[in-house]
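Please read the following structure through its side-chain pairs, ring contacts and domain interface.

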Amino acid sequence: MKQLNEIKTICNLGCGTMGFGTAIIFAKCGYDVNMFGRKPASIERAMNNINLTLKSYVENDMLTEDQVKELLSHIHGVTTLKDAANNADFVIESVAEAVDIKQSVYKEIEEYLGSDIILATDSSGLSPTEVASTFKYPERFVVAHFWNPPHLIPLVEVVPGAKTSPEVVDITWKLMEKIGKKPVSLLKEAPGFIGNRLQFALLREALYCVQEGIATPEAVDTVVKYSIGRRLGVTGPIETADLGGLDIFYNISSYLNADLADNKGASDVMKKLVDQGKLGAKTGTGLYNWNPDELAKIKRVREDILIEWLKKDESGQKF
């Protein structure tokens, strides 16, 4: 297997929402990146997003103009998988979140890569065992789940499949650390990994509070943003329980858990809105009504706050 010090060129499959961000991360650390998109228009769109992101980096004193030029010199847009695999030492894939599509891409690119190249997917919850079931070398396949936006969120979940080599997990973890991310290795795969399991457990209860008439969406979001949302950035849920006292948390859970949402299907609140074509910000309405100015404002505020956190991470502040 290619060792950490042998990895110089990255095959970056996909240049959409996640792909352009992973290209930035690797290029920022000096890796050459073959960024694959199906069409020249896809590459052009990705480069526009990259330039907008780098402009924000400069405005926030995270990169200089000279560093931006150096970074951009490492990103090479390509429109064939053969070119994407050229001299590649590591693959990070973020094409459509569908098993058959991923398998189709890997089936072709395996023909252009040596058997010692790690294949990593940025899937947010698909089973690595299922995806790798059609591979020639399933032992070299692993999940490296970057969180969106990948250029601002530090976490990467490293998830092995049933046949993934421990060496592949170790090298991938070390590579993620080397590019400045905060990697976490799972002991075994599970649907949704860790992050999405926690995220959707919170979302299920949030929507249940709305469905049961306990509170409005605005009230639920305010509670999260001005209480647990602030605390969770410093202490995770298990640390929080330990700090608060397990006896107290145990006593609360003994009566509260019975009243919490435990439905196994998707939310009725979301289903009703989805059936009506109210998909949230991208359609202008969902649980909230969004106009362009409000949407731009909340995205700007989110980016500003994430950048402040990222600066703290890069300055060496530890929690």
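Lys174 and Asp170 both belong to helix H7 (residues 166–178), where they sit four residues apart, about one turn of the helix; helices (H or I, at least four residues) and strands (E, at least two) are DSSP runs, numbered from the N terminus. Their side chains form a salt bridge at 3.2 Å, N to O, the term standing for a side-chain nitrogen of Lys or Arg within 4 Å of a carboxyl oxygen of Asp or Glu. Lys174 is partly exposed at 39% relative accessible area, and Asp170 is partly exposed at 36%. Here buried means under 20% relative accessible area, exposed over 50%, and partly exposed in between (1.4 Å probe, protein chains only).

This is a predicted model, in which local features need pLDDT of at least 70 and side-chain atom pairs count only at pLDDT 80 or more, while totals for chains, interfaces and linings use all residues. Residues are numbered from 1 along each chain as its sequence is written, and side-chain values use heavy atoms, with hydrogens and water left out.

The salt-bridge rule gives a count of eight. One of them joins Glu314 and Lys28, with N to O at 3.9 Å. This pair links distant parts of the chain, since Glu314 is in helix H13 (residues 292–314) and Lys28 in helix H1 (residues 19–28), 286 residues apart. Lys28 has 36% relative accessibility and counts as partly exposed. Glu110 also forms a salt bridge, with Arg140, the closest N and O atoms being 3.4 Å apart. Glu110 lies in the loop between helix H5 (99–109) and strand S5 (118–121), and Arg140 in the loop between helix H6 (128–131) and S6, so the pair ties together parts that are 30 residues apart in sequence. Both Glu110 and Arg140 are buried. Glu93, Glu97 and Lys102 are linked in a salt-bridge network.

Next come the rings. Rings of Phe, Tyr and Trp (its six-membered ring) pair if their centres lie within 6.5 Å; planes under 30 degrees apart count as stacked, over 60 as edge-to-face and the rest as tilted. The count is six aromatic pairs. Phe135 and Phe141 have ring centres 5.0 Å apart and planes at 80°, so their pair is edge-to-face. Both of these residues, Phe135 and Phe141, are buried. The pair of Tyr288 and Trp290 is tilted, at 5.9 Å centre to centre and 55° between the planes. Tyr288 is partly exposed at 26% relative accessibility, and Trp290 is partly exposed with a relative accessible area of 26%. Ring pairs also link Phe26, Tyr31 and Phe90 into a cluster.

His151 is in the loop between strand S6 (141–146) and strand S7 (155–160). Its relative accessibility is 11%, so His151 counts as buried. Leaving out residues up to four places away in sequence, His151 touches Phe20, Gly21, Ile25, Thr53, Tyr57 and Leu310, contact meaning heavy atoms within 4.5 Å.

How is the chain divided into domains? The assignment gives domain 1 (4–185) and domain 2 (194–264), with bounds from an automatic or database domain assignment. Their centres, taken over C-alpha atoms, are separated by 33 Å. Five residues of domain 1 are in contact with four residues of domain 2. About 320 Å² is buried between domain 1 and domain 2, with carbon and sulfur atoms giving 51%; buried area is the accessible area (1.4 Å probe) that two parts lose on being put together, summed over both. Ser124, Trp147 and Glu157 supply 84% of the area that domain 1 buries against domain 2, more than any other three residues.
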